[in-house]
Amino acid sequence: MPDVVKTLAIAAVSAFIALVVVQIVHVVVRRIGRRAPLFDLLATRLHRPVQCLAVVVAVQGTLHATTATGDWRGPLLHGVTISVIAASAWVVGALLLVLEDAALSRFRTDVENNKTARRVHTQIMVVRRVTVAVVVVVAIGAVLVTFPAARAAGASLLASAGIVGVVAALAAQSVLSNCFAGIQLAFSDELRLDDVVVVENEWGRVEDITLSYVVLHLWDDRRLTLPTSYFTTKPFQNWTRNESALLGAVEIDVDWAVPTEEMRRELRHICEGTDLWDGRACVFQVTDAIGGLVRVRALVTAKDAPTLFDLRCHVRERLVQWLRESYPQALPRSRADVTGIPGLRIDKVEGLNGRSIPEQVDGDGRDGRVPGAGVAGRASASGDVPDAGRDARVFSGSADGRERSAAFAGPSEEADRT
């Protein structure tokens, strides 16, 4: 019994000395970390793991150095050995996290052109989960090897490893497919953190990517969780794969009397009057004319998806207001010819309140009304209206339009000849 007390006392002193040494080193590294962020990360993450490892190593060294014998020595040494393995795994895991955090800090995602940074963040997040899982599995295996019964059972398990592997693969087929899909997403650059995607008719941002699932932060603050294998087996829209800038459309059904040139100028005025527009494209086109109505489309661009949504709403609201105030005769209407009165036709206009408003029209088909002077009309009179012809073309007329045309035109004949 005195040997046990003496050994434990020496072990306690050794553990105390180890803690003092670790604390001194921690203070020194913390001071260095004021100038070097990497050392600050080391001091923060490795403090507790290194303390634990230093204590168990000091106790293990004390037990090996003493000559005390007894039935208690073997089990105690075995327990200390398991503690050393666990503490070592903790230190290795913390060190890997430090290296990954240091790599993440070099790539900022709060800048406009953050494509490379988001790809690196995605890959490092997946690698972090893989490394932690590997460290835990290796540590558990090392602990099991310390038991003689486990070593004896290992030989028999290896003989049937083939059959067990087949059974395990069949049982965990979906789990393994998700794990491999997560690794594929991280390194194929198909999906990254903060990518804006449309999945299952839901618009959201990639908030987290794990080995088994992907979390989407939807526009209304809901969370949509999907298995990683979904993104490798089914189509989805990625709005920020190459860049965040987007082109959006605003479509409005109007009457045949709509003044297209004035409406094109008004669209240009609306875009130039808001900071939501990025200045790349502002196009107005008549895309359809059927069923008694004309469908017009405004194409505008913005720096990212949220800004584009606000810009489309702003353009739609301003165009509707402009039509209602300046050109009410261009609002959607249904016409009916009334026979029996020579030279007279009654147009039934469906107003916003659902009532029919008759309008007298001259024999030549003109209503004789003077359109209201909108912003576009004033701008035209002042002579400061930009070239309206380029605002009617999507794939030409501007540098952005020509670039878009080249992207969708395919190889040219000259390139085929070469």
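**Helices and how they pack**

Visitor: What makes residues of α10 count as buried, and which are they?

Guide: Buried means under 20% relative accessible area, with exposed over 50% and partly exposed in between, using a 1.4 Å probe and protein chains only; in α10 the buried residues are M263, R264, E266, L267, R268, I270 and C271. This is a predicted model, in which local features need pLDDT of at least 70 and side-chain atom pairs count only at pLDDT 80 or more, while totals for chains, interfaces and linings use all residues. Residues are numbered from 1 along each chain as its sequence is written, and side-chain values use heavy atoms, leaving out hydrogens and water.

Visitor: How do you know what span to expect for helix α10?

Guide: The expected span is 1.5 Å times one less than the number of residues, so the 13 residues of α10 (residues 260-272) should span 18 Å, and this agrees with end C-alpha atoms that are 18 Å apart.

Visitor: Why is α3 called roughly antiparallel to α4?

Guide: Helix α3 (residues 47-65) and helix α4 (residues 73-105) pack at about 155°, with axes 9 Å apart. Angles over 145 degrees count as roughly antiparallel (under 35 roughly parallel, 65 to 115 roughly perpendicular, the rest oblique), and therefore α3 is roughly antiparallel to α4.

Visitor: What about α2 and α4, and which residues make their contact?

Guide: The axes of helix α2 (residues 37-45) and α4 come within 10 Å and cross at roughly 150°, which means that α2 is also roughly antiparallel to α4. Contact means heavy atoms within 4.5 Å, and here L38, L41, L42 and R45 of α2 meet A94, L95, L97, V98, D101 and A102 of α4.

Key
Axes are lines fitted to C-alpha atoms, for helices over the stretch in contact, and angles run from 0 to 180 degrees between N-to-C directions. Helices (H or I, at least four residues) and strands (E, at least two) are DSSP runs, numbered from the N terminus.
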